[in-house]
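Have the viewer open as you read.

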Amino acid sequence: MKLTLSTLRRCFEGAVPAIIATCDNSAVPNVAYLSQVHYMDEEHIALSFQFFNTTRRNILVNPAATILLMDPVTAEQYHLHITYVKTVSEGPLFESMKARLAGIASHSGMSEVFRLKGSDIYRVQRIELIAGAPSPQASPPAPNLLPALRRSMTRLAVCQDLSELLAGTLDCLADEFDMQHAMLLMWDAAGEKLYTVASRGYHHSGVGSEISLGEGIIGVAARERVPIRIGHCATEYLYGRAVRDSYLQRHALIDMEISIPVPGLARSGSQMAVPIAQGERLIGVLYVESPQEMRFSWDDEDALVALTDYLALAITSAERCTELAVEPVEQAVAPTKDVGKAVNVCFYRADQSVFINNDYLIKGVAGAILWKLLCDHSERGRDEFTNRELRHDTSLRLPDVVDNLEARLILLQRRLVERCDALVIEKTGRGRFRLRVAGTLQLREVVA
Amino acid sequence: MSSTIHGSLLLTSDLVDFLLGPNSIKAGSCSSALVPSISHAYGCKVSRASSEGRAGEVCVFLSESRSAAVLRDLRDGGAFSVVFSRPTTHRTVQLKANAVRIEPLQSGDKALLDRYCLRTAGELISLGYTPAFSKALMAPDITDAVCVCFVPTAAFDQTPGAGAGQPLGGSS
């Protein structure tokens, strides 16, 4: 098989550190360990620039360098003959390497020492298998992810709407890729934050929890539109902590009471965040994690990027269908008269937050939607609604940009399932749903 | 901290103890066209400075087949750079030399090489690498080893951290 950079990607995972040799104009060689070799494409790699050291000085005067790579499974060794091209210190490549370096630094207890100054980009001139190097054991067959990806796409292809797509994606991750801890977040363009709409493998679902752009691995992946994969738990990229710290800085402590904790493993070994995007439009982020270190490979990253690309298309297509079609009601039911215990609902106009029997439920657009439904139900006895009427209701202050109304309804529906027995939203057809109220509504709006 | 003697590096007891391993050793040189070369080295022996003023000499073992480019560059008169790194502590030292002497293994060298390599493989095993992999990487059966001897002219601390790159001593 022809040696290509992609066939050597296992060597870049950091399990066995690579070494670089450089030399200055006086032909004095220098040998140094590398923290990170980043595969860019079939002709380029990027190396982490952390210190202005001899390697750095050498490549600026003599761009030729040679890397010694070791395969972490077979112990085979390779030479990469490379030429320095340029350094970048911002953007997706830099952010992705910075996140991974933070993982490596955290693993080796050197978070304060390892700070990425830049990503040094090199063109790979030649790859060479070192003669006589051992092959102690045949490489174990790597799990072939193509069948898993194919089955996943087949399963997602029959999903009818966003709700099914989200559930289907989490099912596929668990069944087909053995990724048991995952969450899906949607992008709120107007609020400039991500909110969790579905998760799997956590003690609490965290549906409704929010992450700002740039916060933790999920926030950075969204901001830079780049997949980020960390093989060792990086303290500073733990989104939960990052979110909480940031929240505390920006808000009074009391606000914490109406924030929903982001789900997450207490001891995460590996993390991967993949943006869900279609063209320029960010739709959300898929996040997976594992207690096992170095759990996710380059191939896993490829597979999840392909899966999320497909998911982005499927979500866009489902949105269009929901918008166009309003199916007739499946089965008309006579509105039930609200009886039973009182359901106290308080709506705060300022942040559109809803409290039910004094317990926080939801805020923002989802809160405003619920309030509209409850008012219509209370004042006009309505319990059948369509997505289209919500979209055209100016009182909801839906953002002009693509707003993922469907996602907000799913979020609301799930929060109600988790937090409120008295209110249920159930789908009755494409673009149509019903509100069921078990109890006597007592509505109160606080405008201030 | 080392100091220098007659332009060469004085090998302190601490440095010699460290060089004697177990370490992962990487050796580099450079062609006249300024293309660097690099390979594994397998094991090390050290002769201390003599009372007659002879400088201390360090020898590392390289495989003819696996270190073809490095040995070619050295035979062409290229300078030498060797990095010793202790897997369990990350302590790393780079030695440099302007010239080397390449000679066949002497009696006892092969046993020394094998012992050094097995001890280094043991370090990897203690870190959780599999025995098969650790042995394949650090202690392959080298049958074409040569001994590369040099008088270090400079040594640098390359342990990751604030002191990385600091000279341990240097040529006068």
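## A helix with a buried run

In helix H8 of chain A, the buried residues are A:Val365, A:Ala366, A:Gly367, A:Ala368, A:Ile369, A:Leu370, A:Trp371, A:Leu373, A:Leu374 and A:His377. Keep in mind that this is a predicted model.

Just past H8(A), A:Gly381 takes a positive phi of about 70 degrees.

## The sheet it lies across

H8(A) lies across S14 (342–348), S15, S16 and S20 of chain A, and runs at about 130 degrees to S20(A). Those four strands make an open, mixed sheet, ordered S16-S15-S14-S20. S16 (359–362) and S20 (440–446) are the edge strands with a single partner each, so each has one side without a neighbour in the sheet. On average, neighbouring strands are turned by 30 degrees against each other, ignoring direction.

S15 (353–356) and S16 of chain A pair antiparallel over three bridges. One bridge links A:Ile356 with A:Asp359 of S16(A).

## Where chain A meets chain B

On the chain A side, 30 residues are in contact with 33 of chain B. Strands S1 (19–23), S2 (29–33) and S5 (64–70) of chain A each give two or more residues to that side. By class, it has 22 nonpolar, eight polar and no charged residues.

## How confident is the model?

Chain A has a mean pLDDT of 84, with 83% of its residues at 70 or more. Over residues 252–257 of chain A, pLDDT stays under 50, and the model has two contacts beyond four places in sequence for that stretch.

Terms used:
Residues numbered from 1 in each chain as written. Chains lettered and ligands numbered in written order. Predicted model: local features only at pLDDT ≥ 70, side-chain atom pairs only at ≥ 80, totals over all residues. pLDDT = per-residue confidence, 0-100. Contact = placed C-beta atoms within 7 Å. Nonpolar A, V, L, I, M, F, W, Y, C, P; charged D, E, K, R; others polar. Buried ≥ 20, exposed ≤ 12 C-beta atoms within 10 Å, placed from the backbone. Pairing = 2+ DSSP bridges. Axes fitted to C-alpha atoms, helices over the stretch in contact; angles between N-to-C directions.
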